[in-house]
Amino acid sequence: AYLQGLVTNDMNALTAAAPAAHVAFLDRTGRLLLEAHVRLDGTSASGEGSGGFLLDCDERVASALQRHLRKYALRKDVDVEDMSEELGVLAGSGQAAAAEADVGIGGAPAARA
């Protein structure tokens, strides 16, 4: 996977049962560049993942993350695009939040992390 080696986590460990992780991006000396949440992309019409990932980061570092990802995308079949206009993040905790999350936004089924 493209992100394997770019983040601190084992991206091959993400599965349908555990589709998300908190990751860090480091520079070549091991210093923290930025952190993000990564999730398997399950947005295709068939319900199957695209084989890609969705990354969620603080909007203040989004352009830096895009530059960092594009720097390592040379000669790879990788698309890096800003999806912030199309996607959002909903967070909650407890049983009531879990029940509400099943409805999703706009009536669409919600994905759970």
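# Chat about a predicted β-β-β-α-α chain

Modeller: Along the sequence, this chain reads β-β-β-α-α. That makes two helices and three strands, taken as DSSP runs numbered from the N terminus (helices are H or I with at least four residues, strands are E with at least two). It is a predicted model, where local features need pLDDT of at least 70 and side-chain atom pairs count only at pLDDT 80 or more, while totals for chains, interfaces and linings use all residues. Residues are numbered from 1 along each chain as its sequence is written, and side-chain values use heavy atoms, with hydrogens and water left out.

Colleague: Thanks! What is the mean pLDDT of the chain?

Modeller: The mean is 78, and 75% of the residues reach 70 or more. pLDDT is the predictor's confidence in each residue, from 0 to 100.

Colleague: And where is confidence lowest, and where is it highest?

Modeller: Helix α2 (residues 94-101) is lowest, with a mean of 66, and strand β1 (residues 20-26) is highest, at 92. Separately, pLDDT stays under 50 over residues 104-113. For that stretch the model has 14 contacts beyond four places in sequence, a contact being heavy atoms within 4.5 Å.

Colleague: OK, on to the strands. How do β1 and β2 run, and how many bridges join them?

Modeller: They run antiparallel, joined by seven bridges. Two strands count as paired if DSSP finds at least two bridges between them. β1 and β2 form a hairpin with five residues between them, and G30 in the turn has a positive phi of about 95°.

Colleague: Which residue in β2 is the bridge partner of A21?

Modeller: A21 has V38 as its partner in β2. V38 is also partnered on the β3 side, by L55. As for A24, it stands opposite E35 in β2.

Colleague: How many bridges join β2 to β3?

Modeller: Four, and β2 and β3 (residues 53-56) run antiparallel.

Colleague: Now α1. Which of its residues are buried?

Modeller: L65, Q66, H68 and L69. Buried means under 20% relative accessible area, exposed means over 50%, and partly exposed is in between (1.4 Å probe, protein chains only). These four cover an arc of only 165° around the axis, so they lie on the same side of α1. The arc is that of the directions from the helix axis to the C-beta atoms.

Colleague: What do they pack against, then?

Modeller: The buried residues of α1 pack against β1, β2 and β3. On the face turned away from the buried side, α1 carries the exposed residues R67 and K71.

Colleague: Which residues touch the most other members of the largest nonpolar core?

Modeller: L3, M11, V23, F25, V38 and L69, out of 16 residues in that core. The elements giving two or more residues to this core are β1, β2 (32-40) and α1. A nonpolar core here is a set of buried Ala, Val, Leu, Ile, Met, Phe, Trp, Tyr and Cys residues joined through side-chain atoms within 4.5 Å. M11 touches L3, Q4, V23, V38 and F53, not counting residues up to four places away in sequence.

Colleague: Good. Where is L6 placed, and is it buried or exposed?

Modeller: L6 is in the segment before β1, and it counts as buried because its relative accessibility is 13%. Residues touched by L6, again not counting those up to four places away in sequence, are A24, F25, L26, L69 and Y72. L6 and Y72 are 66 residues apart in sequence but 8.5 Å apart in space, C-alpha to C-alpha.

Colleague: Change of topic: how many salt bridges does the count come to?

Modeller: One, where a salt bridge is a side-chain nitrogen of Lys or Arg within 4 Å of a carboxyl oxygen of Asp or Glu. R60 forms a salt bridge with D58, and their closest N and O atoms are 2.6 Å apart.

Colleague: How accessible are R60 and D58?

Modeller: R60 is exposed, with a relative accessible area of 69%, whereas D58 is partly exposed at 35%.

Colleague: Last one: what percentage of the chain's residues count as buried?

Modeller: Of its 113 residues, 19%.
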